[in-house]
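User: I would like to go through this structure and ask, for each description, what it rests on. Please set the values against the cut-offs as you go.

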Amino acid sequence: LTPITVILNQENRKTGIIATSSVTHATPAAFYGNQINRYNVDEDLAKQFMVSNIHVLMGGGEDYFNKRRDGQNLIDSLKNKNYTVIDSIIDHIPENTEKLINFCAPKEPVAQNMGRGDFLSLATEKGISVLNTNNTDGFFLMIEGSQIDWGGHDNNSNYIISETLDFDKAIQIAVDFAKLDNNTLVLITADHETGGYGITGRNKKSGELKTAFLNDDHTATLVPLFAFGPGANQFTGTYDNTELYQKILECLNLK
């Protein structure tokens, strides 16, 4: 299977990946790598990223690049490929930076309410800025609020809510950019639902939600897709989520 970023890079579109998981976790890695097994392949995926020509990568997983079993330091190699590598998402980046790397954790980042802070929204802001620099051909940026899923697996309502609110901040930044740019399509969706999570009521005095779960794994519940911007009308109806691949390419007049 060909990751969509490969096709877009061939068409001179810049690409980026941001996640609140390790950048070698299932969703972000699927946008640049190919592995038969999703487990215990983090170092292999890090090496595959090195030939991906993706312009922006931000998330956890630093150890898979510079504390590898083969002794290679891929971060040094990234610098040699003209990536700007910053230690913290709040670090200043030089003007006209076009390739940016930031690792926010050695492996998996902590939860938002456990000290991760505003990494996702700040990374979204920086990522859009870098991808839009000296660029007349457009860009593709995948942003994942990865740990919403983890809260579902834990059956932890507060975890889900805090991660969703964090994701919402990133969405706001993307939509604000799209409104100003007037030529950007924003798609918001999920690969699946986790836990059979439902709101069953509310405490009238405190306002706190009452919630319940069906299980601690993925469910077949339909997930919504919200679309904003040019081409949004092509994302109505009900369809398999793998169709997004072709729909995005069709919006760009690519086969």
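Analyst: In this predicted model, among contacts in the protein chain between residues at least 6 apart in sequence, 66% join residues at least 24 apart. The secondary structure of the chain comes to nine helices and eleven strands.

User: What makes the protein chain as compact as a globular protein of that length?

Analyst: The radius of gyration is 18 Å, and the globule rule gives 18 Å for 255 residues, so the chain is as compact as a globular protein of that length. The C-alpha atoms fill a box of roughly 55 × 45 × 40 Å along the principal axes, and buried residues make up 44% of the 255 residues. The chain exposes about 14000 Å², of which carbon and sulfur atoms supply 49%.

User: Why is helix 6 called largely enclosed by the rest of the structure?

Analyst: Ten of its 13 residues are buried, so helix 6 is described as largely enclosed by the rest of the structure. A residue counts as buried under 20% relative accessible area, and those of helix 6 that do so are Phe119, Leu120, Ser121, Ala123, Thr124, Lys126, Gly127, Ile128, Val130 and Leu131. These buried residues pack against strand 1 (14–22), strand 2 (56–60), strand 3 (84–86), strand 4 (100–105), strand 5 (139–144) and helix 8 (157–181).

User: How do you know that the end-to-end span of helix 6 agrees with its number of residues?

Analyst: The expected span is 1.5 Å times one less than the number of residues, which for the 13 residues of helix 6 (residues 119–131) should come to 18 Å; the end C-alpha atoms are 18 Å apart, so the two values agree.

User: What makes strand 2 largely enclosed, and which strands does strand 2 pair with?

Analyst: Five of the five residues of strand 2 are buried, so strand 2 is largely enclosed by the rest of the structure. Strand 1 and strand 2 pair in the parallel sense over four bridges, with Gly60 in strand 2 as the bridge partner of Ser22. Strand 2 also runs parallel to strand 4, to which five bridges join it, and there Met58 has Asn102 in strand 4 as its bridge partner. Two bridges are enough for strands to count as paired.

User: How are strand 8 and strand 9 arranged, parallel or antiparallel, and what lies between them?

Analyst: Strand 8 (residues 198–202) and strand 9 (residues 209–212) run antiparallel and are joined by four bridges, one of which has Leu209 in strand 9 as the partner of Arg202. The two strands form a hairpin with six residues between them, and Gly207 in the turn has a positive phi of about 80 degrees.

User: Which residues have a positive phi although they are not glycine?

Analyst: Most residues other than glycine have a negative phi. Asn96, which is not a glycine, has a positive phi of about 70 degrees, and Asn134, likewise not a glycine, has a positive phi of about 50 degrees. Asn96 lies in the loop between strand 3 and strand 4, and its relative accessible area of 48% makes it partly exposed. Asn134 is found in the loop between helix 6 and strand 5, and with a relative accessible area of 54% it is exposed, because the cut-off for exposed is over 50%.

User: Why is Ile93 called buried, and which residues does Ile93 touch?

Analyst: The relative accessible area of Ile93 is 16%, and buried means under 20%, so the term applies. Ile93 is found in the loop between strand 3 and strand 4 and, not counting residues up to four places away in sequence, touches Ile86, Leu100, Lys126 and Val130. Ile93 and Lys126 are 33 residues apart in sequence and 8.9 Å apart in space, C-alpha to C-alpha.

User: What makes Arg38 partly exposed, and where does Arg38 lie?

Analyst: Arg38 has a relative accessible area of 45% and is therefore partly exposed. Arg38 lies in the loop between helix 2 (26–30) and helix 3 (42–49) and, leaving aside its neighbours within four places in sequence, is in contact with His25 and Ala26. Arg38 and His25 are 13 residues apart in sequence and 7.9 Å apart in space, C-alpha to C-alpha.

User: How many disulfides does a search of the whole structure find?

Analyst: The search finds zero disulfides, where a disulfide would need a pair of cysteine sulfur atoms within 2.5 Å. As for the cysteines, Cys104 is partly exposed at 31% relative accessibility, and Cys251 is partly exposed with a relative accessible area of 25%.

Note on methods. Residues numbered from 1 in each chain as written. Predicted model: local features only at pLDDT ≥ 70, side-chain atom pairs only at ≥ 80, totals over all residues. Heavy atoms only, no water. Buried < 20%, exposed > 50% of the residue type's maximum accessible area, 1.4 Å probe, protein only. Contact = heavy atoms within 4.5 Å. Rg over C-alpha atoms; globule rule 2.2 N^0.38 Å. Areas by Shrake-Rupley, 256 points an atom, 1.4 Å probe, with all protein chains shown as cover.
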